[in-house]
Every structure is written in C-alpha cells, then in structure tokens.
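Dear colleague,

Here is the structure I said I would hand over. My notes on it follow below the entry.

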Amino acid sequence: MATQAKRRRVTKPVGGGDDDDLGLDPVAGFLSWCRRVGLELSPKVAVSRQGTVAGYGMVARETVQPGELLFTVPRAALLSQHTCSISELLERERGALQSQSGWVPLLLALLHELQAPASPWSPYFALWPELGHLKHPMFWPEEERRRLLQGTGVPEAVEKDLANIRSEYYSIVLPFMEAHPHLFSPRVRSLELYHQLVALVMAYSFQEPLEEEDDEKEPNPPLMVPAADILNHLPDHNANLEYSPNYLRMVATKPIPKGHEIFNTYGQMANWQLIHMYGFVEPYPDNTDDTADIQMVTVREAALQGTKAEAERLLLLERWDYLCKLEMVLCMPTEEFREIKDQDGWGDDEREEDSLTMTNIPKLKESWRQLLRDSVLLTLQTYATDLKTEQDLLSNKEVYTKLSWREQQALQVRYGQKMILHQLLELTS
C-alpha cells in the first residue's frame with residue numbers, strides 16, 4: 001500500500017448548514033454541538049483539515065494505542081428516520097414510503113432538516129461536503145462519463161441509479177413533500193437536490209449490521225453518524241466503528257502515532273465501486289481489492305464462438321437457458337431449494353483443485369482455459385483503448401499531470417481492470 005502522503009481522495013469542502021453556531025468557524029461550531037449532544041471526543045484526537053489526505057479528517061494529537069476509545073456517539077445524536085423532527089410522521093407513513101433502495105425515509109429526514117431554520121443538526125451540516133461539488137460519476141456529463149469509463153461497468157451502474165432515483169423521486173418523494181408543504185419548503189422540492197442527497201447517503205451513511213440471529217431480516221436502514229463520517233478511507237485502516245444499544249464507539253485497531261490521520265474503511269471495494277459510490281479511486285497498484293468483471297453474457301458469446309456445428313450451438317443455448325433458470329434459486333423457499341440441490345447432486349465439498357483461483361487457473365482443462373481466455377479477450381474489446389495506451393499515459397508524468405481530475409480517476413479504474421485481465425490472459429495461454 002502507498003504511504004498516506006501519496007493517497008488522494010475526493011476533497012470534502014465545507015458545505016450545507018448555517019455557520020451561525022455562536023459565530024464560530026465550522027469546526028469550532030461542530031465541537032460545541034458535540035458537547036451539547038453528548039458526543040464525546042477523546043482529548044487525543046482532533047478534527048482538522050491539516051495533516052489529512054483530503055478535506056476534513058481526524059488526526060491523533062497524541063499516540064493512540066489499540067483498543068483506545070476515539071469518540072462516542074450517543075444514539076440520540078445520530079441523524080436517521082427515527083431521530084429527526086418528523087420521525088412520527090415518517091413512521092406513520094412508512095407503508096407509503098417503501099422503495100427499492102429503502103433510503104426514502106432518511107432522505108426525507110435530510111430534506112426536512114436541511115431547510116428547517118432551527119434544525120439541531122445545523123452545526124453538523126456545516127462539515128458536510130458542498131453538495132453542488134460532489135464528484136461521483138452521476139454528476140459528470142453523460143458523454144464524458146461514457147467516454148472515460150467505457151468498459152468499466154460504471155456508466156451502466158450510474159444509468160440504473162439515475163433511472164431509479166428519478167422514479168423514486170416522482171412517485172414517492174415529491175408527492176409526500178407536496179402533501180406536507182409546511183414541512184418542506186419549495187427550495188428542497190428539487191430532483192437535483194435529491195440526486196445530491198442520494199450521493200451523499202451513498203458515500204457518507206452507515207448501515208448497522210444485523211445480529212446473527214436476525215440475518216434473515218431486512219437490512220437496517222442507513223443512518224448518518226456525526227464524527228464517524230469525518231474519517232477518511234484506507235483499506236489498511238486503524239479504527240473501527242462498534243455498535244451498542246445506547247452508543248456507537250470508534251475504537252483504535254492499531255497504534256496511531258502522534259500527528260497521524262485516523263482512518264476508517266468502506267470495506268473491500270474495487271476501484272469501479274469506489275468511483276461509483278464515493279467519487280474517488282485508489283491509484284494503481286494501491287487497491288489490493290481491485291477487480292475486473294467478466295459478464296456472463298460475455299462467457300456465453302465466447303462459448304458460442306467455440307461451437308463448430310449447429311447441433312453443438314443449439315445444445316449450448318439449451319444449457320445456457322437452464323443456467324438462467326437457476327437464478328430462481330435466489331428467491332426460492334429454503335425447502336424447495338434443498339430439494340433441487342439434492343436432486344442435482346450439488347455438493348458442499350468443492351475440491352480445491354476445482355476452485356477458480358490464480359493458482360489453479362493454469363491447471364484447468366484446456367477447453368475451460370480457452371473459454372476463459374476468449375471471454376477475457378471479448379471483455380478487453382469493450383474498452384475504447386488498449387493497455388499500452390494507458391501505460392503510456394501513466395508512465396509520462398508530464399502528460400498525466402495535464403489530464404483533468406476525471407480523466408486521471410477514470411484512467412486508474414481502466415488500467416487496474418486491464419492489468420487483471422491481462423494477468424488472466426497470461427495464465428490461460
């Protein structure tokens with residue numbers, strides 16, 4: 001992994017909220033608010049723009065040892081559908097607010113609190129990123145997004161998001177706000193603002209994990225966690241958020257020397273996921289969780305290319321149709337799934353030599369290696385440029401620095417994926 005000094009992340013400039021908390025600057029106003037709501041920060045940490053990889057972050061004033069408490073957030077200070085000032089209304093109308101995302105109640109809470117003159121969360125909003133300057137690809141011009149991220153899977157994911165957001169806004173959110181005009185001023189009845197808040201929730205919210213005995217229940221709704229969302233991301237993080245009935249606690253997981261930044265992690269994220277959900281990437285080769293996807297339709301196309309006779313092609317299509325039908329198992333009752341599994345002889349004792357790992361790919365049957373190789377070659381054709389073009393751009397610092405921020409981020413996504421695909425080509429040759 002690269003050193004902290006080399007890490008780059010989307011800048012988080014001062015954003016929404018009224019900066020009138022006792023006439024203080026945003027950080028001082030936020031810290032004053034923390035004291036009022038019982039959000040306790042360790043004297044060993046500081047909220048700062050100095051010494052951080054990007055924008056606001058949290059820095060160790062003194063050396064912190066593993067297990068030390070960094071800050072405690074009482075549940076009353078969380079901003080969610082259950083703690084906002086319209087929580088009773090949201091609960092009463094819960095049935096009408098159901099959506100595919102499950103985020104509508106929180107987003108309505110944010111829309112209300114943002115424009116409420118006396119919102120108790122105003123000092124917290126003052127540390128938000130500026131909503132008009134979020135860097136997610138959903139805010140890039142469509143032509144630029146498709147051109148720079150062609151082949152990565154991001155344009156398709158964004159287009160699906162935008163369609164769902166628009167549908168959700170006009171079918172659920174706007175009618176709700178219009179039905180309660182005294183709670184939502186005209187200035188927050190905006191699809192553009194709703195887009196921005198969806199992106200903010202995508203990047204900054206937290207989702208409390210279910211207890212083991214509740215793992216079959218619906219996931220918990222997202223919530224905003226003041227102080228925790230200030231921490232920047234690092235896969236090799238040094239702090240972790242813990243949940244308890246009355247508080248959320250950020251605890252050090254490693255020694256943190258004085259002056260070093262405190263990092264949380266967003267989980268194991270490939271670069272295409274980071275740019276899509278958070279608006280930044282890890283420069284190659286820093287992201288050890290990076291991936292390149294080969295679509296099943298691409299595998300199907302590669303397999304069809306390998307057929308020599310019409311009968312062989314028809315048999316392959318029949319097998320493909322059966323494979324597609326197997327998607328039904330995702331929504332089958334448990335008993336029915338077990339019956340089909342038993343009938344088809346699906347086993348739980350997968351042999352190590354049959355698993356698709358970098359070590360075992362060269363050991364695959366020649367026909368399987370050829371199918372994988374053909375699938376990789378077809379996937380590489382979906383990009384607008386080849387690997388050598390990307391390498392030339394990255395190796396020429398003078399040219400690279402002249403690229404726009406979006407061009408640099410997209411280049412990192414494409415290059416990381418192509419390097420993985422070319423490694424597969426080597427293993428299947």
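Ser87 counts as buried because its relative accessibility is 19%, and the cut-off for buried is under 20%. Please keep in mind throughout that this is a predicted model.

Ser87 and its surroundings

Ser87 belongs to helix 2, which covers residues 87-92. Apart from neighbours within four places in sequence, Ser87 is in contact with Gln81 and His82. Its C-alpha atom is separated by 10.0 Å from that of Leu108, a residue 21 positions away along the chain.

His82 sits in the loop between strand 4 (69-74) and helix 2. Is His82 buried or exposed? With a relative accessibility of 52%, His82 counts as exposed, since the class begins over 50%. Leaving out residues up to four places away in sequence, His82 touches Ser87 and Pro221. Between His82 and Ala109 there are 9.0 Å in space, C-alpha to C-alpha, for 27 residues in sequence.

The chain as a whole

The chain has 429 residues, of which 46% count as buried. Its secondary structure consists of 15 helices and eight strands. Among the contacts with a separation of 6 or more, 70% are between residues 24 or more positions apart.

The nonpolar cores

The largest nonpolar core holds 91 residues, and Leu108 and Leu111 touch the most other members. Helix 7 (residues 191-204) gives the most to this core, namely eleven residues. What does Leu108 contact, once its neighbours within four places in sequence are left aside? The list is Ile86, Leu90, Leu97, Val173, Phe176, Met177 and Phe184. There is also a second, separate core of eleven residues, with Leu364, Val376, Leu421 and Leu425 among them.

Two packed helices are described by the angle between their axes and the distance between the axes.

Helix 3 (residues 104-115) packs on helix 6 (residues 154-179) at an angle of about 45°, and the axes are 11 Å apart. Helix 3 is therefore oblique to helix 6. The crossing of helix 3 past helix 6 is right-handed. On the helix 3 side the residues are Val104, Leu107, Leu108 and Leu111, and they meet Glu168, Ile172, Val173, Phe176 and Met177 of helix 6. By class, this contact has eight nonpolar residues, no polar ones and one charged residue.

For helix 6 and helix 7, the axes cross at roughly 120° and come within 10 Å. This pair is therefore oblique as well. Helix 6 passes helix 7 in a right-handed crossing. From helix 6, Asp161, Leu162, Ile165, Arg166, Glu168, Tyr169, Tyr170 and Val173 take part, and they meet Leu191, Tyr194, His195, Val198 and Met202 in helix 7. The contact of helix 6 with helix 7 comprises nine nonpolar, one polar and three charged residues.

Helix 3 and helix 7 pack with their axes 10 Å apart, at an angle of about 115°. Here too the crossing is right-handed. Val104, Leu106, Leu107, Leu110, Leu111 and Leu114 in helix 3 meet Leu193, Tyr194, Leu197, Val198 and Val201 in helix 7. How do the residues of the contact of helix 3 with helix 7 divide by class? Eleven are nonpolar, with no polar and no charged residues.

Thr385

Thr385 counts as partly exposed because its relative accessibility is 29%, which falls between the limits of 20% and 50%. Thr385 and Arg414 are 29 residues apart in sequence, with 9.1 Å between them in space, C-alpha to C-alpha.

Regards

Key. Residues are numbered from 1 along each chain as its sequence is written. This is a predicted model: local features need pLDDT of at least 70, side-chain atom pairs count only at pLDDT 80 or more; totals for chains, interfaces and linings use all residues. Side-chain values use heavy atoms; hydrogens and water are left out. A nonpolar core is a set of buried Ala, Val, Leu, Ile, Met, Phe, Trp, Tyr and Cys residues joined through side-chain atoms within 4.5 Å. Buried means under 20% relative accessible area, exposed over 50%, partly exposed in between (1.4 Å probe, protein chains only). Helices (H or I, at least four residues) and strands (E, at least two) are DSSP runs, numbered from the N terminus. Contact means heavy atoms within 4.5 Å. Axes are lines fitted to C-alpha atoms, for helices over the stretch in contact, and angles run from 0 to 180 degrees between N-to-C directions. Angles under 35 degrees count as roughly parallel, over 145 as roughly antiparallel, 65 to 115 as roughly perpendicular and the rest as oblique. A crossing is left-handed if the near helix is turned anticlockwise from the far one by less than a right angle, and right-handed if clockwise. Ala, Val, Leu, Ile, Met, Phe, Trp, Tyr, Cys and Pro count as nonpolar, Asp, Glu, Lys and Arg as charged, and the others, Gly among them, as polar.
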